Amino acid sequence: MDVSDNIIEGEIAYPKNVVRHDEDDPYLVVAADKGTATFSDLANSVSEEYNFWLGDAFASGGSNGYDHKAMGITAKGGWESVKRHFREMGINCQTTDFTAIGVGDMAGDVFGNGMLLSKHIRLQAAFNHMHIFIDPNPDSASSWEERNRLFQLPRSSWEDYDAKLISKGGGIFSRRAKSIDLTPEIQKMLGTKRASMAPNDLIKKILSMKVDLLWNGGIGTYVKASTETHTDVGDRANDVLRIDGQDLKAKVVGEGGNLGMTQLGRIEYGLNGGRVNTDFVDNVGGVDCSDNEVNIKIFLNGLVMNGDLTVKQRNTILESMEDEVGEIVLEDAYNQSESISVTEQQGVSLVKEQIRFIHTMEKAGHLDRALEYIPDDETLLEREKQGKGLTRPELSVLVAYGKMVLKEQLVHDDISNDAYHAKQLVQYFPDELRRNYKDHMDNHPLRAEIIATVLANQMVNEMGCNFVTRLQEETGANVVDIANAYAAAREIFNLGSVLTQIRELDNIATTSAQYDLIYYVRRTLRRLARWLLRNRTGKQCVNELIKLYQADAITITEKIDDMLVAEEVAEHNQMANAWIEQGVTEALANYVARLSSLYSVLDISTVSREKGTTVEQTAKLYYTLGDRLSLHWFLKQINGQAVDNNWQALARAAFREDLDWQQRQLTGQVLSCGCSPDKLDVNKALDDWIIMNEVSLHRWENILNEFKVGSVHEFAKFSVALRELMLLNLNCSANE
């Protein structure tokens, strides 16, 4: 505190007798770790003694804060990952029994809360620093009740577990024993014929047994990579227990505790088919809860200082919002693990994009590749040849860096002062604060930082870690403009609601179908944002962009099947039916399947305004022309073109944009040749235009016939074809 900046009466106050080499930085909070949570009140008393601007928001928790163990928030956040892993295996772990082993005991926050989050846990073995618990064939119902009793019992240990409830052959064993006799039931569970084992050997065998879930809620590092030494790990106390990632046979690992595995151990386990994120992903709930508490306290403390609340009222409000804060935190944890899964499902198809993102982060000095155990390019490309992409632990690191960097870039006046983005601040807080104190929220000292954090989390969760860097490469746009384009496109096409509907299908639709839908939305949203960046006029704010296109988007969406040609409707229906068969609702499947056609709304809306025609007339003509000239068929050839490097990826994106522009121009030309809008016959206008430009169209048809010979094309062929289409545009324009 003696060397920290402070805020007094709204002005930065510098520490006395301290030379500062950095910029103003009055934000300083402390996070309680294991064994120190009880010192939150003490830390906050120091804050008050120093008249520090954060007051008792300096340390989360304490007598007037959120008790993480009582909330179970860290374990619940980790359990969101566990549930997702099981869903991806086609199992609902909240309704189906599954086996588990664990590190910890029921007195612990993370282990204790975690082992109560499903009544279908069959905990076969667990250990802490004193005991080894073994229940070879547990009953899920009665064992849950007993674990719950131990959790409620102050300072319980495994010795307090009712031995009568343990299945035949099991028991509670001391880690101080020289040797532990193995019953036939334990031998079968472990897959060993040994009659006895030393406690440490038994623990090592437990860690490597076949089981559905390993839940880590303790302290220590128990899994490393085979390429690492125990010295590399730096946890000497557990050297005798530690196994290699390749020997870990649990199907799923939930890391409620920190440092249970080394990062290389996770990667090795992941490459062998294991399902794991990282500790900082799985136990994000506790950190996120503290962030929410601190920002809420800052806000409420401001109301207290202004006389709008008493301290007692503040504490009552804070306590009343605990459940909703928990829900907010769990939603964040859910969305983050979802983002990793959606990217993981795309596998090797995204490897080159991810390498490009890694290079961008390295060049900017944000990422130390070696420090974060990100493989070199050669290793990643070799994996790609083997059909393997980045593992979940590696993707977790990239997601983290994507968020950290983007958050810093979004702390910008053009973001925080934009009326649309400013709504993120209001949505950040629980209902009671939004309902009663909304007008005071703009005065929050961390207003810009909160908006930036929420927006960065949303963008990376929905779009992947490299969304911004990719659009920067493709368009040269700055981060603010990209964020605006993303937000506008998302709202114009109601894609936020679409994603919510997809998430509501958990344990109803297959996760594969859900992730396909989300990736389809992600890809469409990226293309829409790119269109807005390429075609925007001036520095339009988000609400202006929404107002410009949303009404037309709604109109075309409602009538899309009447505007498309029959073949395209059939194609969309075929795609939708494949999702419907996997449990997706009919309306949702049909909407997402039509996004590739709805993407053209932006072009259609633009032409409609330019030519003074109705959006219905323009859309009908646009889609019909695309079919008659085989432009939609040509677009499929572009989309299907494989890319080997970044330049080819950029070229493919440019081909798509060029084709869209050409179709827009040609649509405008037909409308210019037609009758007045009130008498326009779309089909007749198109027929007349085709007859008028028969010679020019013949050359385009010849080019298309070249493409229809074979299925593999060179990039040069697309360039030649699009040049011919441009000449067609020019010739047709001259014939008007």
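**From a loop to the strands**

Reply: Thr 183 sits in the loop that links strand E7 (180-181) to helix H6 (184-190); helices (H or I, at least four residues) and strands (E, at least two) are DSSP runs, numbered from the N terminus. The model is predicted, so local features need pLDDT of at least 70 and side-chain atom pairs count only at pLDDT 80 or more, while totals for chains, interfaces and linings use all residues. Residues are numbered from 1 along each chain as its sequence is written, and side-chain values use heavy atoms, leaving out hydrogens and water.

Thr 183 has 24% relative accessibility, so it counts as partly exposed (buried is under 20% relative accessible area, exposed over 50%, partly exposed in between, with a 1.4 Å probe and protein chains only). Between the C-alpha atoms of Thr 183 and Gln 665 there are 80 Å, and 482 residues along the chain.

Because six of its six residues are buried, E3 is largely enclosed by the rest of the structure. Phe 98, Ala 100 and Gly 102 point one way, Thr 99, Ile 101 and Val 103 point the other way, and all are buried.

E3 has parallel partners. Six bridges join E3 to strand E4 (residues 121-127) (strands pair if DSSP finds at least two bridges between them), and Ala 100 has Leu 123 in E4 as its bridge partner. To get from E3 to E4 the chain passes through helix H4 (residues 109-114), a right-handed β-α-β crossover (with the strands pointing away from the viewer, the path from the first strand over the helix to the second runs clockwise).

E3 also runs parallel to E9, through four bridges, and Ile 101 stands opposite Leu 214 there. Strand E9 (residues 211-216) is in turn joined to E12 by five bridges, again parallel; one example is Asn 216, whose bridge partner in E12 is Glu 255. Strand E12 (residues 250-255) is mostly covered, with five of its six residues buried.

One last stop is helix H24 (residues 511-535), which holds Arg 530. With a relative accessible area of 3%, Arg 530 is buried. Its side chain makes a polar contact of 2.5 Å with the side chain of Glu 474 (N or O atoms within 3.5 Å, one able to donate a hydrogen and the other to accept it; residues adjacent in sequence count only if both atoms are side-chain atoms). Leaving aside residues up to four places away in sequence, Arg 530 touches Leu 471, Glu 474, Thr 475, Ala 653, Arg 656 and Glu 657, where contact means heavy atoms within 4.5 Å.
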